Amino acid sequence: MRIIGPDELIFGVDDLDACRTFLVDYGLTEVDRTEAGGSYHALDGTGVTLRRRDDPALPKPLPTASMLRKTIYGVEDQETLDQIAAELDKDREVVREADGSLSCRDDLDFALGFRITTRKKLDLPAELINSPGARPGRGPNVIGANQDAEAKPRTLSHIVYFVPDMDRMTQFYIDRLKFVVTDKFTNTGPFLRPQANFDHHVLFMIQTPAYMQGLEHLAFHMQGPTELMLAGSRMVKMGYESFWGPGRHKFGSNWFWYFNSPLGTHVEYDADMDLHDGEWVERETPMSAEAAQLFLFENVEKWAPGGPPPGKKD
């Protein structure tokens, strides 16, 4: 099945204004806004839609505090949609929506949608570096550090679910939707990628008690580590609370910086994720702080030589 990855996440939230402000400050573009909510997109058109928690048009919520109401995956073509419908029709209701998309629920009752992807193909420069012994990424007089550079999320990268039955959930995505496990934390959860995407993962699951079921975080890809650090630093300056990072993961190799949000979930910037194909051999290790990150930094106020040590006050 040629599933690409998440196109859109739909939330039913308590405070539309606070969520809107957060997403715009995070760097998404507001493409639609009404009294009912709004839509906020990365550069390729993937993104987040907000609605009021009590909007009757939303899918039913999970029996927890989670504000995520639906995950919509983009697929390559109609043939893939037909394959998904034929497979999932075997044991659950699959609704054919008026726009041609499919709606259903997975084995742990998360609401799912599938549609021919609406994401736009991007043709943008990568982060350029100069490394001794290699051809320069930036030529003479091309500046690499620009405090005023635009830092915009490029595409919806991945989502992470808290789930009370990791094995059942994993088998649904592998057996029914043909996702592949790239790596796994023993007794914690797997990293999964679909057939039409080489990213290390678009979905990760963490085993938790049932009362925690929901969305742990969502992430958007940035141009590279420099843009991630710039965007994250701006969020801190605006008063948002850093949850984890900046740092770099081991599995996936992606740089990360997570922030608390009024959407009831963490929102991450990521950059420079590994790509894998069918030749990749899955790795597995117990979950630990050492396994979770290659290194982890702490954000502090800027410092100049001659002042007290970084992070210290006079």
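Which residues form a nonpolar patch on the surface? Select Leu43, Leu122 and Leu124: together they have about 220 Å² of accessible area. Patches are made of residues with over 30% relative accessible area and no salt bridge; like charges are joined within 9 Å, and nonpolar side chains (Val, Leu, Ile, Met, Phe, Trp, Tyr) within 5 Å. Accessible areas come from the Shrake-Rupley method with a 1.4 Å probe, and for residues only the protein chains shown count as cover.

Some ground rules. This is a predicted model, in which local features need pLDDT of at least 70 and side-chain atom pairs count only at pLDDT 80 or more, while totals for chains, interfaces and linings use all residues. Residues are numbered from 1 along each chain as its sequence is written, and side-chain values use heavy atoms, with hydrogens and water left out.

Helices (H or I, at least four residues) and strands (E, at least two) are DSSP runs, numbered from the N terminus. Leu122 is partly exposed, at 35% relative accessible area. Buried means under 20%, exposed over 50%, and partly exposed in between (1.4 Å probe, protein chains only).

**The cores**

Now select Phe11, Leu50, Phe114, Tyr161, Tyr173 and Leu177. These have the most contacts inside the largest nonpolar core, which has 62 residues. Helix H1 (residues 16-26) gives the largest share of this core, five residues. Another core lies apart from it, with eight residues, among them Phe162, Phe185, Phe251 and Ala291. A nonpolar core is a set of buried Ala, Val, Leu, Ile, Met, Phe, Trp, Tyr and Cys residues joined through side-chain atoms within 4.5 Å.

**Salt bridges**

The whole structure holds 20 salt bridges. The criterion is a side-chain nitrogen of Lys or Arg within 4 Å of a carboxyl oxygen of Asp or Glu.

Select Arg52 and Glu35. Their closest N and O atoms are 3.9 Å apart. Arg52 is in strand E4 (residues 47-52) and Glu35 in the loop between strand E2 (29-34) and strand E3 (37-41), so the pair ties together parts 17 residues apart in sequence. Arg52 is partly exposed at 38%; Glu35 is exposed at 67%.

Next, Asp91 and Arg176. Their salt bridge spans 2.8 Å, N to O. Asp91 lies in the loop between helix H2 (78-88) and strand E6 (95-96), Arg176 in helix H3 (residues 166-176), 85 residues away. Asp91 is partly exposed at 45%, but Arg176 is buried at 13%.

Then Asp183 and Arg283, which meet at 2.7 Å, N to O. Asp183 belongs to strand E10 (residues 180-186) and Arg283 to strand E17 (residues 283-286), 100 residues apart. Buried or exposed: which is Asp183? Asp183 is buried, with a relative accessible area of 0%. Arg283 is partly exposed at 31%.

**Helix H4 and its approach**

Select residues 225-237. Helix H4 has 13 residues and reaches 18 Å from first to last C-alpha, close to the 18 Å expected at 1.5 Å a residue. The expected span is 1.5 Å times one less than the number of residues. Buried in H4 are Glu227, Leu228, Leu230, Ala231, Gly232 and Met235. The buried residues of H4 pack against H1, strand E15 (255-259) and strand E16 (266-271). Contact means heavy atoms within 4.5 Å.

Step back to Gly224, in the loop between strand E13 (214-221) and H4. Gly224 is buried at 1%. Neighbours within four places in sequence aside, Gly224 is in contact with Glu127 and Ala271.

**Backbone stops**

Most residues other than glycine have a negative phi, and most peptide bonds are trans. Select Asn141, in the loop between E8 and E9. Asn141 has a positive phi of about 70 degrees and is exposed at 78%. Lys178, in the loop between H3 and E10, has a positive phi near 65 degrees. Finish at Pro246 in strand E14 (residues 242-248). The peptide bond from Gly245 to Pro246 is cis, with omega near 5 degrees.
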